[in-house]
Amino acid sequence: MKKKSFGFLMIAVLMLLLAACGGGNDSGKASEENNADSGNGSEDTEEQYKIGILAPEVTHGWVAAVAYHAEERVKELGDQVDYQIQTSSNAEQMTSQLDDLMTWGADAIVAFPQWEGMEVPIQNAIDSGITVVNFDIAIDVEGVYRVAGDNEDMGVQGANYIVDKIGEEGNVVVLEVPSSGSVSELRTKGFEETMAEIAPDMNLMTYATEFTREDGLADFADILTSVEDIDAVYSIDDETSVGVLQAIQEAGRTDIQVVTGGGGMQEYFEMMPENEDIWIQSALYSPVMVKDAVDIAIDVLNGEDVEEETIIPTTVVDRDNYEEFLDENSPY
């Protein structure tokens, strides 16, 4: 009887040990499942930033593309951001929209303020704790970030391009746009100073126009009637250059070897391979840069160190590389 009792006792102990081992495994599995559930929950509750976009109403194809590419970028960010896009026709309207975004609870605002009078409202937004990234336009506001292209370097690249194609001597028509203020001043300055250095014997003839194809067509048609020999045209805007090319075609001129541009216009890109006798160039000041402005706003909100001013280097586009920059959905 003692042996049998001892046997039953051993069996009972073994059964308890097995149960304990099995229970331990179930507990570990449940713990892993709980941890996994906890992780998923933290992803679901991840902070979502509110980003506001302020842009002008469409006055120019380039301006239309700013809002387009800004929205493309916030869409690409998906669930990381909630966003609102507002467009305005003057400083008063943009100021009202800025106030609306502050009431909405915007964490950051990417602004493209084309009018005077935006300094105070933008300063107020920054002072209230909102991150503001200005696209393109420089304004005198403490604490604002800025993303822009390099207008002066566009002129430098234009001069280098023309000299590379026609040599150090020739007749070059320079189309400035006085109504665009510092944009024209800087692009023309970079061009003229560089040309003076690398091709001092180049004959430069300067005329005024506007940032539209209609003005480019009308103004350059007049120029063609008064200037018999032109080797190259330094235009600072793609839309103006589209009008210039139309005027050249309608006049039947074959002397012009180069037409530059600026901006990043899809229609202009597509003209590059079609005009085999003229080198068509664009120095990019692309509206796509606004995506960098959105990214900088996110970086600031994430606590990263960001320079107050980010200048995007100039990229030159012509028939050799235009395909890299085609976007069939772009409004510009």
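How many salt bridges does the structure hold? The count is nine. Before I go through some of them, please keep in mind that this is a predicted model.

Let me start with the general idea. Side chains of opposite charge can pair when their charged atoms come close.

Take D295 and R73. They form a salt bridge in which the closest N and O atoms are 2.6 Å apart. D295 sits in helix α10 and R73 in helix α2, residues 61-76, so this pair ties together parts that are 222 residues apart in sequence. Is R73 buried or exposed? R73 counts as buried, because its relative accessibility is 19% and the limit for buried is under 20%. D295, at 25%, counts as partly exposed.

The next salt bridge joins E152 and K189, with the closest N and O atoms 3.0 Å apart. E152 lies in helix α5, residues 151-166, and K189 in helix α6, residues 182-198, so the pair connects parts that are 37 residues apart in sequence. E152 is partly exposed, with a relative accessible area of 29%. K189 is partly exposed too, at 34%.

One more salt bridge: R253 with D255, where the closest N and O atoms are 2.9 Å apart. Here both R253 and D255 are buried.

Now the aromatic rings. A pair of aromatic rings is described by the distance of the centres and the angle of the planes. The count here is three aromatic pairs. One of them is F112 with F135: the ring centres are 5.5 Å apart and the planes stand at 70°, so the pair is edge-to-face. F112 is in the loop between β3 and α4, while F135 is in strand β4, so the pair ties together parts 23 residues apart in sequence. F112 is buried, at 1% relative accessible area, and F135 is buried at 0%.

F269 and F325 form a tilted pair, 6.3 Å centre to centre with 55° between the planes. F269 lies in helix α9, residues 266-271, and F325 in the segment after β14, so this pair ties together parts 56 residues apart in sequence. F269 is buried, at 2%, whereas F325 is partly exposed, at 24%.

Last, the surface. Which residues form a negative surface patch? They are D127, E142, E304, D305, E307 and E308. E307 is found in the loop between α10 and β13, and E307 is exposed, with a relative accessible area of 61%.

Notes
Residues numbered from 1 in each chain as written. Predicted model: local features only at pLDDT ≥ 70, side-chain atom pairs only at ≥ 80, totals over all residues. Heavy atoms only, no water. Patch = residues over 30% accessible without salt bridge, like charges linked within 9 Å, V, L, I, M, F, W, Y side chains within 5 Å. Areas by Shrake-Rupley, 256 points an atom, 1.4 Å probe, with all protein chains shown as cover. Salt bridge = Lys/Arg side-chain N within 4 Å of Asp/Glu carboxyl O. Lys, Arg positive; Asp, Glu negative; His and termini not counted. Charge placed at Lys NZ, Arg CZ, Asp CG, Glu CD. Helix = DSSP H or I, 4+ residues; strand = E, 2+ residues; numbered from the N terminus. Buried < 20%, exposed > 50% of the residue type's maximum accessible area, 1.4 Å probe, protein only. Phe/Tyr/Trp six-rings, centres within 6.5 Å; stacked < 30°, edge-to-face > 60°.
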